Each structure stands twice: as structure tokens, then as C-alpha cells.
Amino acid sequence: MIPQTLYQAATKMLTRAYVPYSHFPVGAALLASNGQIYQGCNIENAAYGATNCAERTAFFAAIAAGQRDFQALLITGTTQDVIFPCGTCRQVMSEFCAPTMPVYLTNQAGKCRQLTVAELLPGAFSAEDLKHAK
């Protein structure tokens, strides 16, 4: 079942996406433990490496605001199927979220697939892995 408050917040971000190159808008809504919702959209750049995904935009806004405790993330787009986050976004999720945190993958046609952070990135590289470096 799609969490409607998050879905509406992510959908709103589709119109704010800056996608002159891909024409592939993505919206994200990140629920913090205090009930605050942080929104994100993808922001492209002619130098593609400078592009930022919707998911990371939402995370970075939340972190910049001092929030570090999250309960859920919803991602949506205008695709035929649900949208999956890229590998970089999955790594950011694994840094800031519990492995069991739900991630709702949706589209504007009402499709929804719910996975956890751990299901999206099994065997994630973590701060714990850095402790074992020699």
C-alpha cells in the first residue's frame, strides 16, 4: 500500500525536477522520525557527473537541516513500472538508514513495490568496513 502523504509529497517534486537532458523526472519524499518530510527531485547538469538524484537531494536536505533519523523513503516517476534507485543512492541510504527501513518504489499509475534498504543493497559497504582497513 502506498503511503499517501509521502506519495503526494514526492509527486509534487516531479514538477520541480530539472531534467532538460534526460526528460526523466523523479520525485522523492523522505520521512524523518520526527514526522518531518524532506522532498527531493533530480537536478541535471550539462556535465552529467554534476547531476544529483531525487533521493540524494532529499537526504542531503534532511542532513543539512540536522536530521539523521529516518523512517521511510518513497520514490516516484512517470514511468510504466516503479522506479528503482541508482547504486549511489542505495549507498547513501545504507549510510543513513536502518537496514530494515522501508523504501516504497512507485510510479504515477499507482504501482508500488516495498523493499528494505538491505534488500536494495545487500552487503553494503559501511563505516564498520573502514575499521578493518590496514
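**Helix 2 against helix 3**

Me: Which residues of helix 3 do E55, R56, F59, F60 and I63 in helix 2 meet?
Reply: In this predicted model, local features need pLDDT of at least 70 and side-chain atom pairs 80 or more, while totals for chains, interfaces and linings use all residues. Numbering starts from 1 along each chain as its sequence is written, and side-chain values use heavy atoms, with hydrogens and water left out. Helices are DSSP runs (H or I, at least four residues), numbered from the N terminus, and contact means heavy atoms within 4.5 Å. On that basis, the helix 2 group meets T88, C89, V92, M93 and F96.

Me: How many residues in that contact are nonpolar?
Reply: Ala, Val, Leu, Ile, Met, Phe, Trp, Tyr, Cys and Pro count as nonpolar, Asp, Glu, Lys and Arg as charged, and the others, Gly among them, as polar. Sorted this way, the contact of helix 2 with helix 3 has two charged residues, one polar and, for nonpolar, seven.

Me: Parallel or antiparallel: how does helix 2 run against helix 3?
Reply: Helix 2 (residues 54-64) and helix 3 (residues 87-96) pack at about 30°, their axes 9 Å apart. Axes are lines fitted to C-alpha atoms over the stretch in contact, with angles from 0 to 180 degrees between N-to-C directions. Under 35 degrees counts as roughly parallel, over 145 as roughly antiparallel, 65 to 115 as roughly perpendicular, the rest as oblique. So helix 2 and helix 3 are roughly parallel.

Terms used:
Helix = DSSP H or I, 4+ residues; strand = E, 2+ residues; numbered from the N terminus.
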